[in-house]
Amino acid sequence: MGLKILLSGALGRMGRAVAAQAEAKNAQAAEAGEHENLTKIVCGVDPFADKSPFSPGFPLYSDFASVPANCAIDVIIDFSHFSLTRALLEFARARKLPLVLCTTAISTEDLALANEAAKEIPVFRSANMSVGIALLKKLVRESEAFLGDDFDVEIVEKHHNRKVDAPSGTALALADAASSARAGGFDYVYDRSARREKRGKRELGISAVRGGNIVGDHSVLFISDNEIIELSHSALSRSVFADGSLRAAAFLKDKAPGMYGMDDMV
Ligand SMILES: NC(=O)c1ccc[n+]([C@@H]2O[C@H](COP(=O)([O-])OP(=O)(O)OC[C@H]3O[C@@H](n4cnc5c(N)ncnc54)[C@H](O)[C@@H]3O)[C@@H](O)[C@H]2O)c1
């Protein structure tokens, strides 16, 4: 039994958080006398494997082609970079491995490839692996349906100064949640600096703040002439996403091919 994981992006901040969280879970399980259901990172893939002095404590390969065919893997967890998505999908498909896809800013073309792959393997995708964000999305949908078009909707997201994509995948998922409850949907606005016109009713503004070591903050504001309702979520540490990805891996292990998300798991 147990869960054998290939960790893609093993040298990144999230990759390390997943490995640490797996160790923490195993320690807890061992303390409770459960020695069978352990989670094992059996190997990792990271393009910087040859250049990094860091040794993660499991075999690390610089590309998917180098992963030995006889390496027993139950599920892949990917927290890496969108430039790796194609190679990752090809590998998962070829080896018939379930895939938890956590990397963000994946192109539309590559998302279409992920949907294709989901016809052959189970794929779990979420721009945010926290249960709190799954709840926030639901609350945003319900709030928009309840409040209607007297309220302007704006989203503010804040992340650490190393994040390369903006806005965050989570901010877009929250915008989609609001949009799904508005007849005709919203038009997303990311930058008003080049415009000289007042805010339109169909607009949903998304602003990104980058600084320091912020793990991930999201606020959705519903603003009328008389009141403001603000729904917000703060991730206090990366373990929240790491834990979510390990839960998703356990959830996905014996699933039929298809595309899964947080709503299926929570
Ligand atoms: N779904 C979620 O809940 C969630 C939560 C946090 C982060 N993320 C996403 O996970 C991914 C990794 O996040 P992170 O904070 O660990 O990032 P990071 O920069 O610390 O790590 C990125 C990893 O990808 C690898 N990589 C491969 N090709 C790369 C390239 N061309 N440029 C840069 N790195 C490359 C790096 O070696 C590294 O291991 C990002 O897409 C991030 O947005 C998702």
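Helices (H or I, at least four residues) and strands (E, at least two) are DSSP runs, numbered from the N terminus. The model shown in every view is predicted: local features need pLDDT of at least 70, side-chain atom pairs count only at pLDDT 80 or more, and totals for chains, interfaces and linings use all residues. Residue numbers start from 1 along each chain as its sequence is written.

View 1. Lys-96 sits in the loop between helix H2 (85–95) and S5. The phi angle of Lys-96 is near 55°, a positive value in a residue other than glycine. Lys-96 counts as exposed because it has 9 C-beta neighbours inside 10 Å; a residue is buried with 20 or more other C-beta atoms within 10 Å of its own, exposed with 12 or fewer, and partly exposed in between, with C-beta atoms placed from the backbone. Ala-105 belongs to the loop between S5 and helix H3 (108–117). Ala-105, not a glycine either, has a positive phi of about 60°. With 18 other C-beta atoms within 10 Å, Ala-105 is partly exposed.

View 2. The protein chain is split into domain 1 (3–129 + 239–265) and domain 2 (131–234), with bounds from an automatic or database domain assignment. Taken over C-alpha atoms, the domain centres are 29 Å apart. Seven residues of domain 1 and nine residues of domain 2 take part in the contact, where two residues touch if their C-beta atoms, placed from the backbone, lie within 7 Å. The domain 1 side of this contact has three nonpolar, three polar and one charged residues. Here Ala, Val, Leu, Ile, Met, Phe, Trp, Tyr, Cys and Pro count as nonpolar, Asp, Glu, Lys and Arg as charged, and the others, Gly among them, as polar.

**View 3. The shell around the ligand.** The ligand is surrounded by 23 residues, the closest being Gly-12, Arg-13, Met-14, His-81 and Cys-102; a residue is counted if its C-beta atom, placed from the backbone, lies within 6 Å. By class, the shell holds 11 nonpolar, 10 polar and two charged residues. Helix H1 (residues 13–31) gives the most to this shell, with three residues.

**View 4. The seven-stranded sheet.** An open sheet with parallel pairing has the strand order S3-S2-S1-S4-S5-S6-S12, where strands pair if DSSP finds at least two bridges between them. Its edge strands are S3 (60–61) and S12 (258–260), each pairing on one side only. Strands S4 (residues 75–78) and S5 (residues 99–101) are joined by three bridges in the parallel sense, and Asp-78 stands opposite Leu-101 in S5. H1 lies across S1 (3–8), S2 (39–45) and S4, at about 160° to S2. Axes are lines fitted to C-alpha atoms, for helices over the stretch in contact, and angles run from 0 to 180 degrees between N-to-C directions.

**View 5. The five-stranded sheet and Gly-205.** Five strands, in the order S8-S9-S7-S10-S11, form an open sheet with mixed pairing. S8 and S9 (residues 203–210) pair in the parallel sense over three bridges, with Val-189 opposite Gly-205 in S9. Gly-205 touches Glu-154 and Val-189, not counting residues up to four places away in sequence. Helix H5 (residues 169–180) lies across S7, S8, S9 and S10, at about 165° to S7.

**View 6. A cis peptide bond.** The bond from Ala-166 to Pro-167 is cis, with omega near -5°. Pro-167 is placed in the loop between S7 and H5.
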